[in-house]
Amino acid sequence: MSQTPKRPSSGTTQQAEPAGPPPLRLTLAAAIAGVEGLAVAAWGVIMCFTGGTNAVLAGLLVLVLAALPLGAAYGLRRARRWSRGPALIMQLLALPVSWTMLKSDGGVIAGGAVLGVLAIAGLVLLVHPATTDALGIRRTA
């Protein structure tokens, strides 16, 4: 008596685990999102401890916002399709912040330059065909 393997019912969806490590571009995109997320979280912690009640509330809000790039980094590292959207949003939001920092004076200019380079590199990595293929995103002609 032979048994046939059970197939999942049509109502369930399963995401196939990637075979092997993710491509380098996907790993780099995850690293960029992670660095940005850690920077936002550090900014939130600094805000919580360097000001009054309003600064603490603003710092807590910034800490909550740090979840966007950190979650995207987590998903990108595990090659999850959903993670590309939050990562793209974070890179697009970083561009005007970077531009504003570049128009400032003092040490903020260097931070703006680093943020701008990270944002542009992140965008390039996230729209690269190897990244979209690794995430299972279908490209249309």
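1. Where pLDDT is low, the predicted coordinates should not be read in detail.

2. Now for the chain as a whole. The average pLDDT is 86, and 85% of the residues score at least 70. Confidence is highest in helix α3 (residues 67-77), at 95. It is lowest in helix α6 (residues 129-134), with a mean of 89.

3. Which residues make the nonpolar patch of about 540 Å²? They are Val-45, Phe-49, Val-56, Leu-57, Leu-60 and Leu-63. Helices α1 (24-49) and α2 (53-65) each supply at least two residues of this patch, and α2 gives the most, with 4 residues.

4. You will find Val-45 in helix α1. Its relative accessible area is 39%, so Val-45 counts as partly exposed, between the cut-offs of 20% and 50%.

5. Finally, turn to Ser-98, in helix α4 (residues 84-102). Is Ser-98 buried or exposed? Ser-98 is buried, because its relative accessibility is 3% and the cut-off for buried is under 20%. Setting aside neighbours within four places in sequence, Ser-98 is in contact with Gly-112, Leu-115 and Gly-116.

Technical notes
Residues are numbered from 1 along each chain as its sequence is written. This is a predicted model: local features need pLDDT of at least 70, side-chain atom pairs count only at pLDDT 80 or more; totals for chains, interfaces and linings use all residues. Side-chain values use heavy atoms; hydrogens and water are left out. Patches are made of residues with over 30% relative accessible area and no salt bridge: like charges are joined within 9 Å, nonpolar side chains (Val, Leu, Ile, Met, Phe, Trp, Tyr) within 5 Å. Accessible areas come from the Shrake-Rupley method with a 1.4 Å probe; for residues, only the protein chains shown count as cover. A salt bridge is a side-chain nitrogen of Lys or Arg within 4 Å of a carboxyl oxygen of Asp or Glu. Buried means under 20% relative accessible area, exposed over 50%, partly exposed in between (1.4 Å probe, protein chains only). Contact means heavy atoms within 4.5 Å. pLDDT is the predictor's confidence in each residue, from 0 to 100.
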